[in-house]
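This briefing is meant to be read alongside the sequence and the three-dimensional view. The notes after the display are grouped by topic.

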Amino acid sequence: MRVLVTGGAGYIGSITARTLLDSGHDVVVLDTLEKGHRWAVDTRAELVVGDVGDRNVVLGCLAGVDAVMHLAGYIEVAESQADPERYFDNNVTRPLVMLQAMEELGIDAIAFSSTAAVYGEPEQVPIDETASKRPVNAYGESKLAFEGVLDDAAAAWGLRSVRLRYFNVAGAWPDGSLGEAHDPETHIIPRILGAIAGGRTAFEVYGDDYPTPDGTCVRDYIHVCDLARAHVLALEYLHAGGEGVVCNLGNGQGFSNLEVVKACSEVTGVSLAIEFGPRRAGDPAILVASASQARAVLGWEPAYGDLQVMVQDAWRWCQRIVQ
Ligand SMILES: NC(=O)c1ccc[n+]([C@@H]2O[C@H](COP(=O)([O-])OP(=O)(O)OC[C@H]3O[C@@H](n4cnc5c(N)ncnc54)[C@H](O)[C@@H]3O)[C@@H](O)[C@H]2O)c1
């Protein structure tokens, strides 16, 4: 297959593009490089620097393409709360231009990076795909809105999508050659490891009064390489004629923020003093996935489900970029 990977210079997109290439597929990466990095794009891929909302650029990228992996977007919850219009523009309006171009060219298969944030505060955990969707932040709202567009396009012109609702993505390419490089970094594992690598002695955890066993938020972590593999399986499923489907991607196990700090201390051999700050707006207390749909439909199985392995891989990468 020839695949267009939007956002392929970002954290997940770059690792997914590399996984696609390793699986024998051809890859075109489309990325503004606003948040991504030229160095993160595999030299075997064709890189086009441009926006998913630029019709001419997108039409050029789609020539000869069989399917699209749409990872481009803005990802920061707090930023989305402060500037929702910008989030809806980038996560909904601009990708519509790409969908129109796909329709024109008869490209009917897309894997979309959705998120656990579409669920909001879950009524029960683990969360399956039928759970109520009540996002508590504009980021989640924007992702859910684009899922709605994919549904409507399915009815209107036969678009087939695999909507992958990721839980918390972590880790790096296992040899430490590719990983997360956000600025600012808001994800907890790279923030803890960055604090350790930077010689800091304390770490701020947002909120200690959540209704969880230790009062801190609980999240389900998935290794970025397991996520990348799920994307490849999703496109292969669509290529074989599969119908549209929604799949959660997580390991089905929750870790509190304090447990994550502990795992980072164990891996690095460095302990940090915990300072509790206020809750972060728009953070649900507990998000844990049921990924049984991904297992059943895509035949996906996580290979790196252990949190320690995710932290070890992230630490290998962190030591490389901090030097
Ligand atoms: N990181 C996570 O834990 C997580 C969890 C759930 C869902 N997701 C989703 O996964 C996707 C990738 O996340 P990530 O962590 O790799 O983020 P990232 O910021 O590292 O990568 C996103 C990439 O998209 C590019 N981009 C943004 N808007 C664009 C546009 N209009 N046109 C072209 N390129 C554009 C950016 O330059 C960046 O390289 C996002 O859609 C995000 O919402 C991420």
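This is a predicted model: local features need pLDDT of at least 70, side-chain atom pairs count only at pLDDT 80 or more; totals for chains, interfaces and linings use all residues.

Among the elements that cover the buried residues of helix 8 are helix 6 (188-197), strand 8 (202-206), strand 11 (254-256), strand 12 (273-277) and helix 10 (307-322).

**Helix 8**

- The residues of helix 8 that count as buried are Asn257, Val260, Val261, Ala263, Cys264 and Val267.
- Just after helix 8 comes Gly269, whose phi is positive, at about 75°.

**The chain as a whole**

- The protein chain contains ten helices and 13 strands, and its C-alpha atoms fill a box of roughly 55 × 45 × 35 Å when taken along the principal axes.
- For a chain of 323 residues, a compact globule would have a radius of gyration near 20 Å, and the 19 Å of this protein chain agrees with that.
- Buried residues account for 48% of the 323 residues in the protein chain.
- Of the contacts in the protein chain with a separation of 6 or more, 79% are between residues 24 or more positions apart.

**The shell around the ligand**

- There are 29 residues around the ligand, and those that come nearest are Gly7, Gly10, Gly36, Ala72 and Gly73.
- Two or more residues of this shell come from each of helix 1 (11-22), strand 2 (26-31), helix 4 (84-105), strand 5 (109-115) and strand 7 (168-170).
- Helix 1 gives the most to the shell around the ligand, contributing three residues.
- Sorted by class, the shell around the ligand holds eleven nonpolar, 13 polar and five charged residues.

**Glu46 in strand 3**

- Glu46 is part of strand 3, which covers residues 46-49, and Glu46 counts as partly exposed because it has 14 C-beta neighbours inside 10 Å.
- When residues up to four places away in sequence are left out, Glu46 touches Val28 and Val29.
- Between Glu46 and Val97 there are 51 residues of separation in sequence, and their C-alpha atoms are 21 Å apart in space.

**Local backbone features**

- The peptide bond from Val125 to Pro126 is cis, with omega near -5°, and Pro126 is placed in the loop between strand 5 and helix 5 (138-157).
- Asp183 and Pro184 are also joined by a cis peptide bond, with omega at about 5°, and Pro184 lies in the loop between strand 7 and helix 6.
- Leu33, a residue other than glycine, has a positive phi near 65°, and Leu33 is found in the loop between strand 2 and strand 3.
- Is Leu33 buried, exposed or partly exposed? With 14 C-beta neighbours inside 10 Å, Leu33 counts as partly exposed.

Methods: Residues are numbered from 1 along each chain as its sequence is written. Helices (H or I, at least four residues) and strands (E, at least two) are DSSP runs, numbered from the N terminus. The radius of gyration is taken over C-alpha atoms; the globule rule is 2.2 Å times the number of residues to the power 0.38. A residue is buried if 20 or more other C-beta atoms lie within 10 Å of its own, exposed if 12 or fewer, and partly exposed in between; C-beta atoms are placed from the backbone. Two residues are in contact if their C-beta atoms, placed from the backbone, lie within 7 Å. A residue is near a molecule or strand if its C-beta atom, placed from the backbone, lies within 6 Å of it. Ala, Val, Leu, Ile, Met, Phe, Trp, Tyr, Cys and Pro count as nonpolar, Asp, Glu, Lys and Arg as charged, and the others, Gly among them, as polar.
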